[in-house]
Amino acid sequence: MASVKLKSVIKRFGDITAINKLDLEIKDGEFFVLLGPTGAGKTTTLRVVAGLETPEEGEVLINDVVVNDLSPANRDAAFIFQYYSLYPHYTVRQNLEFPLKAKIRRTSKEDMDKRVVEVAQILHIDHLLDRRSDKLSGGEMQRVTIGRAIVRTPKVFLMDEPLSNLDAKLREEMRAELKRLQVDMGSTIFFVTHDQVEAMTMGDRIAVLNKGEILQIGTPAEIYDIPDNIFVATFVGSPAINILETEVDSSFVVEPSILEYKPAEPQKKILTSYKGKRVNLGIRPEDITVSKSKAGPEDYACEVYVVENMGMEDILRLKIGKNILRAITPPTFHAQIGDIVYASFDKDRTHFFDMDTGKRIV
Amino acid sequence: MARIRLVNIVKRFGDFAAVKKLNLEISDKEFLVLLGPSGCGKTTTLRSIAGLETVDEGEIWVDDIKVNDVRASERDIAFVFQLYALYPHLTAYENIAFPLKAQGEPTKSIKMKVEQVAKFLQIEHILKRKPGALSGGDMQRVALGRAMVRRPKAFLMDEPIGTLDARFREEMRAELKRLHLDIGATTVYVTHDQVEAMSMGDRIAIMNLGELQQVGTPMEVYNHPANLFVANFIGSPGMNFTDCKYIREANGTPAVEFVSSHLDMRIPPQYEKKISEKYEEGKELVLGIRPEDITVRSERIDGALQAEVYVVEPLGPNNIIDIKIGNNILKARSPASFKPKIGGAIWFKFDIDRIHLFDKKTGEAII
């Protein structure tokens with residue numbers, strides 16, 4: 001296994017700068033996720049590491065060796081694409097063998113057979129070895145695709161949204177399996193996705209990318225609990241975080257006499273420099289407590305605008321003045337559209353972002 | 001008024017029966033979701049209601065009119081395709097006006113109807129723009145406006161928000177739900193995404209392999225799934241299943257024994273009678289339990305069994321802990337702060353009042 005480093009990488013396509021001075025370090029044995037919306041530059045980054053794209057500037061290192069001038073075949077990185085690319089007329093066995101047959105690898109028939117069976121067993125597809133690839137289910141095809149990458153024991157795995165074509169149930173299963181596989185094998189995986197649930201559940205660390213630039217790198221908990229900026233805060237988490245434009249005064253006024261928030265002491269101190277200015281207040285739906293009666297002065301009256309019964313919980317949209325808040329209640333709360341309820345914010349879990357830079361204040 | 005009734009519908013494509021003896025009643029003003037995996041027959045059913053497919057057997061009724069032989073264009077039902085199918089060369093106004101213009105309506109009348117719809121959907125300010133200059137949300141409203149302007153009896157929607165990115169989909173779900181409330185028209189909505197179905201449906205009709213599995217409110221299908229398919233399909237993650245056998249413990253207490261680990265668990269007292277009367281010892285069952293109904297701890301607690309931590313999946317507000325018992329892997333929900341070591345020991349307990357039992361052979365729910 002190996003580490004991967006990107007140093008000040010710039011990649012342009014004509015006038016468009018797809019990746020803008022990217023610095024990234026993936027540790028040996030890490031499951032590293034690159035997360036971002038479509039067009040952020042994630043696939044381009046992956047392709048640069050693979051050697052399928054050449055950067056205009058910067059260095060790519062695998063195991064501390066600069067690989068810019070090495071062809072993809074010589075970088076010893078296995079690329080798993082988004083769409084299954086199995087040879088449909090080959091059996092599972094033949095697909096798995098294929099990478100080992102390349103002359104450059106010089107694997108003996110005995111070693112090859114042994115390795116194929118080994119990999120098939122790890123992925124629970126040993127019973128399918130002699131089945132044609134076009135006769136497999138989606139999940140089975142995905143495992144064979146992964147198997148074909150594993151079989152060479154490459155230094156690093158590069159995966160480009162490999163689960164996005166599977167239906168929801170299968171994706172759920174494969175997430176846990178892939179993560180466990182990585183832990184058992186100790187592989188270095190560089191995984192790209194636009195799905196924040198995938199990133200959160202699988203990544204040891206996540207890098208959030210937007211418009212060719214990295215906005216934050218951290219563990220799932222760090223990204224979720226302490227987002228560096230408003231983009232990260234709104235991109236990760238479902239239902240999405242509530243963002244309220246607030247005027248900083250003696251209290252924080254979202255809407256006069258409708259929603260005025262008094263921050264906790266430590267936050268208050270840091271925010272004094274913003275007095276008279278506007279900031280963005282962020283509060284996640286699960287950090288809003290909804291009650292049927294008003295208990296204190298900071299219980300804000302709201303009207304229930306939409307109710308989504310999700311089974312395990314209800315997602316409410318609460319109308320308060322000009323704003324709509326997303327909040328969560330247990331199904332036993334039984335909120336009905338038109339009800340007046342009271343929302344209060346968990347003071348330890350309220351975030352503040354600068355309106356100009358989008359950066360986290362506190 | 002638009003009550004839609006499907007009576008013994010069968011639709012075949014050659015030898016393949018896409019829809020098999022379907023019976024469904026949709027009430028006036030209801031938002032009914034047709035939910036199921038790819039190939040289950042939901043789109044075929046929707047297209048049959050629209051008149052885009054002709055059924056081989058059975059009857060389709062809209063209010064008191066049998067519409068089997070009525071052309072799609074005359075059924076007074078608006079089909080909303082993927083929401084980005086707006087005419088790119090026409091303005092928002094012209095897109096909405098299109099169905100009326102096509103019917104030869106006078107310009108003055110068209111103007112009135114389009115402006116009325118635009119006001120309702122709050123898109124008056126973008127009427128002069130072309131789709132290329134509109135946000136996704138506005139495009140959705142224009143598409144809805146185009147469907148609404150003829151004041152159809154019902155709306156049929158075929159996975160309209162499937163291609164949008166996750167955050168946008170979340171917003172559109174709530175918007176569509178609210179719009180449905182305000183518009184008050186019967187809507188039949190097709191999706192493979194159970195989160196969408198739970199969020200939006202007044203009732204959900206779950207299909208698999210051409211057959212209706214269950215119809216009910218989101219809470220009904222979540223808390224009382226009729227069979228294994230529904231139990232697993234609804235909920236993310238879906239319900240956990242483990243094979244077991246009906247046994248009687250030494251003292252005669254009805255219980256279930258897990259096949260993979262030979263541990264046993266008492267049947268909830270309130271169901272003891274029902275099960276002991278109906279089944280013989282040795283009957284193969286499947287025990288179902290949802291992730292949020294499994295408690296996990298890092299130390300042994302009263303009544304808990306031991307397992308191995310297989311994987312930890314942080315979701316943000318809470319975690320999913322995959323636990324391995326014998327050959328079985330179950331998913332349990334835990335607070336975000338609980339981060340056990342992979343491969344380590346863990347103790348788990350089921351909420352007895354929340355277990356489900358299914359007949360292994362038929363898949364039907366017993367309790």
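This is a predicted model: local features need pLDDT of at least 70, side-chain atom pairs count only at pLDDT 80 or more; totals for chains, interfaces and linings use all residues.
Residues are numbered from 1 along each chain as its sequence is written, and chains are lettered from A and ligands numbered from 1 in the order in which they are written.

**Helix α3 of chain B**
- Lys113(B), Val114(B), Val117(B) and Ala118(B) are the buried residues named in α3(B).
- Seen down the helix axis, the buried residues of α3(B) fall within an arc of 130 degrees, so they line one face; the arc is taken from the directions from the axis to the C-beta atoms.
- These buried residues pack against α2 (92–102) and α4 (136–148) of chain B.
- The 14 residues of α3(B) (107–120) should span 20 Å at 1.5 Å a residue, and the end C-alpha atoms are 20 Å apart, which agrees; the expected span is 1.5 Å times one less than the number of residues.
- Just after α3(B), Gln122(B) has a positive phi of about 60 degrees.

**Chain A**
- Chain A contains 9 helices and 20 strands, which are DSSP runs numbered from the N terminus (helices H or I, at least four residues; strands E, at least two).
- The C-alpha trace of chain A spans about 80 × 45 × 35 Å along its principal axes.
- Of its 362 residues, 42% count as buried.
- Chain A is divided into domain 1 (4–233) and domain 2 (242–354), with bounds from an automatic or database domain assignment.
- The C-alpha centres of the two domains of chain A lie 40 Å apart.
- In chain A, 4 residues of domain 1 are in contact with 5 residues of domain 2, contact being C-beta atoms, placed from the backbone, within 7 Å.

**Between the chains**
- In chain B, 32 residues are in contact with 35 residues of chain A.
- Elements giving two or more residues to this side of chain B are α5 (166–183), α6 (194–200), α7 (218–223) and β16 (305–314).
- α5(B) gives the most, with 7 residues.

Notes: A residue is buried if 20 or more other C-beta atoms lie within 10 Å of its own, exposed if 12 or fewer, and partly exposed in between; C-beta atoms are placed from the backbone. Two residues are in contact if their C-beta atoms, placed from the backbone, lie within 7 Å.
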